[in-house]
Amino acid sequence: MIGLIAAGIYGAHLHQEGGQPAPTAAFSQTDLLRATFSFCGEGRRVTCIVDGDTFWLSGQRIRITDIDTPEINPPRCEEERIKGEAAKRRLRELLNSGPFSLVAGTRDEDQYGRKLRTVVRDGRSIGDTLVDEGLARRWDGTRRSWCG
């Protein structure tokens, strides 16, 4: 438990204002979390994927802080829906593929009560993988259109 607290403090130290990681931040902690994620449906949500940047883990809603993915509920256009569904599927694959860590930033929660975390595996943000694959953008504090 002390190790998890220390890792969280260390991760928070690596973050700049707004809960985003510093560009050169290297995450160095042991990945201890593991779960099997499904897609969220109706009813109680425990451990499931909502969309490409939001999921539930053990009954707690998590918003990935370093990325923005296309909306799927509701999408603003068909292009956004298609890319948003792809991001959702890929996030599920990434989270289900092995242990990971959640790193807190300077803000613990957003206005919707979601925990703000960077998801890390082997010292690398999973958000970076989604960005590299064209399924997400770096979160810069503003929502931009995924349409046309």
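**Figure 1. Asp-110 is buried, with 10% relative accessible area, and pairs with Arg-114.** Buried here denotes under 20% relative accessible area, exposed over 50%, and partly exposed the range in between (1.4 Å probe, protein chains only). The model is predicted: local features need pLDDT of at least 70 and side-chain atom pairs count only at pLDDT 80 or more, whereas totals for chains, interfaces and linings use all residues. Residues are numbered from 1 along each chain as its sequence is written, and side-chain values use heavy atoms, with hydrogens and water left out. Asp-110 and Arg-114 are joined by a salt bridge with an N to O distance of 2.6 Å; the term requires a side-chain nitrogen of Lys or Arg within 4 Å of a carboxyl oxygen of Asp or Glu. Arg-114 is likewise buried, because its relative accessible area is 14%. Side chains of opposite charge can pair when their charged atoms come close.

**Figure 2. The chain as a whole comprises three helices and nine strands.** Helices (H or I, at least four residues) and strands (E, at least two) are DSSP runs numbered from the N terminus. Along the sequence these elements follow the order α-β-β-β-β-β-α-β-β-β-α-β. The chain has 148 residues, of which 45% count as buried. Of the contacts in the chain (heavy atoms within 4.5 Å) with a separation of 6 or more, 58% join residues 24 or more positions apart. The mean pLDDT, the predictor's confidence in each residue from 0 to 100, is 85 for the chain, and 81% of the residues reach 70 or more.

**Figure 3. The largest nonpolar core contains 18 residues.** Such a core is a set of buried Ala, Val, Leu, Ile, Met, Phe, Trp, Tyr and Cys residues joined through side-chain atoms within 4.5 Å. The members that touch the most other members are Phe-37, Phe-55, Leu-91, Leu-95, Val-119 and Leu-130. Two or more residues come from each of β3 (54-57), β4 (60-64), α2 (78-96) and α3 (126-132). Helix α2 gives the most, with four residues. Leu-130 is in contact with residues including Ile-67, Ala-87, Leu-91, Leu-94 and Leu-135, neighbours within four places in sequence being left aside.

**Figure 4. Asp-31 is buried without a salt bridge.** This residue lies in the loop between α1 (2-13) and β1 (38-39). The nearest side chain of opposite charge, that of Arg-121, is 5.4 Å away; Lys and Arg count as positive and Asp and Glu as negative, while His and the chain ends are not counted. The side chain of Asp-31 makes a polar contact of 2.8 Å with the side chain of Ser-101. A polar contact is a pair of N or O atoms within 3.5 Å; within protein, one must be able to donate a hydrogen and the other to accept it, and residues adjacent in sequence count only if both atoms are side-chain atoms. A polar atom of the Asp-31 side chain also lies 2.6 Å from the backbone nitrogen of Asp-122. Beyond residues up to four places away in sequence, Asp-31 touches Pro-99, Phe-100, Ser-101, Val-120, Arg-121 and Asp-122.

**Figure 5. Arg-137, in strand β9 (residues 137-138), is buried and has no salt bridge.** Asp-68 provides the nearest side chain of opposite charge, at 4.3 Å. The Arg-137 side chain reaches the backbone oxygen of Ser-145 at 2.7 Å. Among the residues in contact with Arg-137, apart from neighbours within four places in sequence, are Asp-66, Ile-67, Val-131, Arg-144 and Trp-146.

**Figure 6. Glu-93 and Arg-90 form one of the salt bridges, of which the structure holds 15.** The closest N and O atoms of this pair are 3.0 Å apart. Both residues lie in helix α2, three residues apart, about one turn of the helix. Glu-93 counts as partly exposed because its relative accessibility is 46%, and Arg-90, at 23%, is also partly exposed.

**Figure 7. Arg-124 and Asp-132 meet through their side chains in a salt bridge.** The N to O distance is 2.3 Å. Arg-124 is partly exposed, at 36% relative accessibility, whereas Asp-132 is exposed, at 54%. Elsewhere, salt bridges that share partners join Asp-53, Arg-63, Asp-68, Glu-71 and Arg-143 into one network.
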